[in-house]
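Please look over the protein chain below. A short report on its fold, surface and confidence follows.

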Amino acid sequence: MAGEWIFLEMEVARWTANLGGCGPNVDTDPSPNNVKMLIGSAEEMLKQKNVESVLFGGKRIGEQSNFEKLDWFAEQLVLEHQRRSCRIAPTVAFKQAATKTT
C-alpha cells in the first residue's frame, strides 16, 4: 500500500510539472484559477487506468480506472467499519504482561 502512495505522489508531481507555470506553492495557492487547474488535473488522473505489473508477464493496462479503484477502496473501508462496530469483542485483544516472580 505504501508503494501505491509513493507512486501517486510521483504522478501528482509529474502532472503538476506538466501543467506549466506552476510555482512552488501550487498545492497551497487558494486562488480560483489554481483551484480550477488542480481540480482539472485530479479529474484527469481519476479517469486514467494505471499500468500493472504481471509476474513473469511484463506489464498491462489495468481494467479499472483510478476512480473505480478509489470507489471500491472507500466501499471496503465503510464495510470494515460497519463490521467492527457490530462486534461484541474488540478487534484487537491486548496480551496481559506476565509478572516475574523471583
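The report starts with the model itself, then turns to single residues.

This is a predicted model, where local features need pLDDT of at least 70, side-chain atom pairs count only at pLDDT 80 or more, and totals for chains, interfaces and linings use all residues. Residues are numbered from 1 along each chain as its sequence is written, and side-chain values use heavy atoms, with hydrogens and water left out.

The chain has three helices and two strands. Their order from the N terminus is α-α-β-β-α. Helices (H or I, at least four residues) and strands (E, at least two) are DSSP runs, numbered from the N terminus.

pLDDT is the predictor's confidence in each residue, from 0 to 100. The chain averages 79, and 69% of its residues reach 70 or more.

Of the 102 residues, 10% count as buried. Buried means under 20% relative accessible area, exposed over 50%, and partly exposed in between (1.4 Å probe, protein chains only).

S65 belongs to strand β2 (residues 58-65). Why does S65 count as buried? Because its relative accessible area is 11%. Leaving out residues up to four places away in sequence, S65 touches L46, K47, Q48 and K49. Contact means heavy atoms within 4.5 Å.

Across the chain, take contacts between residues at least 6 apart in sequence: 19% of them join residues at least 24 apart.

Helix α3 spans residues 66-86 and includes W72.
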